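This report describes selected local features of one protein chain. Please look over the sequence and the structure before reading on.

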Amino acid sequence: YWHPFAEETARKVADWNPDRILLMPLYPQFSTTTTGSFSRIWKNAAKTANLNVPTAEFCCWPEESGFIGAIVARIRASIGELPDGQPYRILFSAHGLPKKIVEAGDPYADHVERTAAAVRAGLGIDGLDSVVCYQSRVGPLEWLQPYTEDEIRRAGTDGKALVVVPIAFVSEHSETLVELDIEYAELAAESGVPAYVRTPTVNDDPAFIDGLARLVAAAPETGTAPGGARCGAGFADCPCSNTAD
């Protein structure tokens, strides 16, 4: 989606002449529209660049302990920014996806739920009020629900402050800095939400980076590295599915 694109990178890698290649997505949760799409693009680019060396690629890592620990620490800090005694709700907001893609076997929504469940366990807060929701919907198709904007409005009706956690993003970009920090913050104010705090993404948090390093160190020479996640038979589009080749 941005420079350097796969074709340019494949040429540079070929010039460097590596012994092996490991593709590490910065999408924690797998989708055919993100990691799967890039995998197809990379294979074509590598072929064009005559890059033929042992290659392994990660499917996903939705429950990696360093990633989860970094999110938990950031959420605790965000909760500390709320007014004392103010009831609050955590919104785990992920980039949306057309519902028909998930119904066709894409494991993305299941992976998002697994990340959120691991974070809840890490927080260990009894009676935690939290919701997984989806942002960035475009076009006329039905997307994964509930929509983040609807949950913001509901929080205003319920008198709940919000801690908004970008659960599927690892770095700051337009969907956090603009959509969450500006557009949704304005919606929260209009909807009467008592307080609105957006948790930063993990960025270069040492725990997160250490987690990626552990995955890389344990990666196989070739094939698909699941990163600890394995989907069931209902998710045929997952490279690590029990039914996938």
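## Helices H1 and H2

Helix H1 crosses helix H2 in a right-handed sense, meaning that the near helix is turned clockwise from the far one by less than a right angle. This is a predicted model, in which local features need pLDDT of at least 70 and side-chain atom pairs count only at pLDDT 80 or more, while totals for chains, interfaces and linings use all residues. Residues are numbered from 1 along each chain as its sequence is written, and side-chain values use heavy atoms, with hydrogens and water left out. Helices (H or I, at least four residues) and strands (E, at least two) are DSSP runs numbered from the N terminus.

H1 covers residues 6-16 and H2 covers residues 35-48; their axes come within 9 Å and cross at roughly 50 degrees. H1 is therefore oblique to H2. Axes here are lines fitted to C-alpha atoms, for helices over the stretch in contact, and angles run from 0 to 180 degrees between N-to-C directions. Angles under 35 degrees count as roughly parallel, over 145 as roughly antiparallel, 65 to 115 as roughly perpendicular, and the rest as oblique.

On the H1 side, Ala6, Glu7, Thr9, Ala10 and Val13 are in contact (heavy atoms within 4.5 Å) with Phe38, Ile41, Trp42, Ala45 and Ala46 of H2. The contact of H1 with H2 has 8 nonpolar, 1 polar and 1 charged residues. In this grouping Ala, Val, Leu, Ile, Met, Phe, Trp, Tyr, Cys and Pro are nonpolar, Asp, Glu, Lys and Arg are charged, and the others, Gly among them, are polar.

## Helices H3 and H8

Helix H3 (residues 65-79) packs with H8 at an angle of about 170 degrees, the two axes being 7 Å apart. H3 is therefore roughly antiparallel to H8. Ser65, Gly66, Phe67 and Ala70 in H3 meet Ala207, Phe208 and Arg214 in H8. By class, the residues of this contact are 4 nonpolar, 2 polar and 1 charged.

## Helix H7

Helix H7 spans residues 174-190 and bends by about 35 degrees at Tyr184; the bend is the angle between axes fitted to the seven residues ending there and the seven starting there. After H7 comes Gly192, with a positive phi near 80 degrees.

Which residues of H7 are buried? They are Glu175, Thr176, Glu179, Leu180, Tyr184, Leu187 and Ala188, where buried means under 20% relative accessible area, exposed over 50%, and partly exposed in between (1.4 Å probe, protein chains only). Their cover includes strands S3 (88-95), S4 (130-135), S5 (161-166) and S6 (196-198), along with helix H6 (148-158). Val178 also lies in H7, but Val178 is partly exposed at 36% relative accessible area. Apart from neighbours within four places in sequence, Val178 contacts His173 and Glu183.

## Backbone features

Cis peptide bonds are found at two prolines. One joins His3 and Pro4, with omega about -5 degrees, and Pro4 sits in the segment before H1. Another joins Gln145 and Pro146, with omega about 5 degrees, and Pro146 sits in the loop between S4 and H6.

Asn50 is not a glycine, yet its phi is positive, about 55 degrees. Asn50 lies in the loop between H2 and strand S2 (55-58) and is exposed, with a relative accessible area of 70%. Asn203, also not a glycine, has a positive phi of about 50 degrees. Asn203 belongs to the loop between S6 and helix H8 (206-217) and is partly exposed, at 31% relative accessibility.
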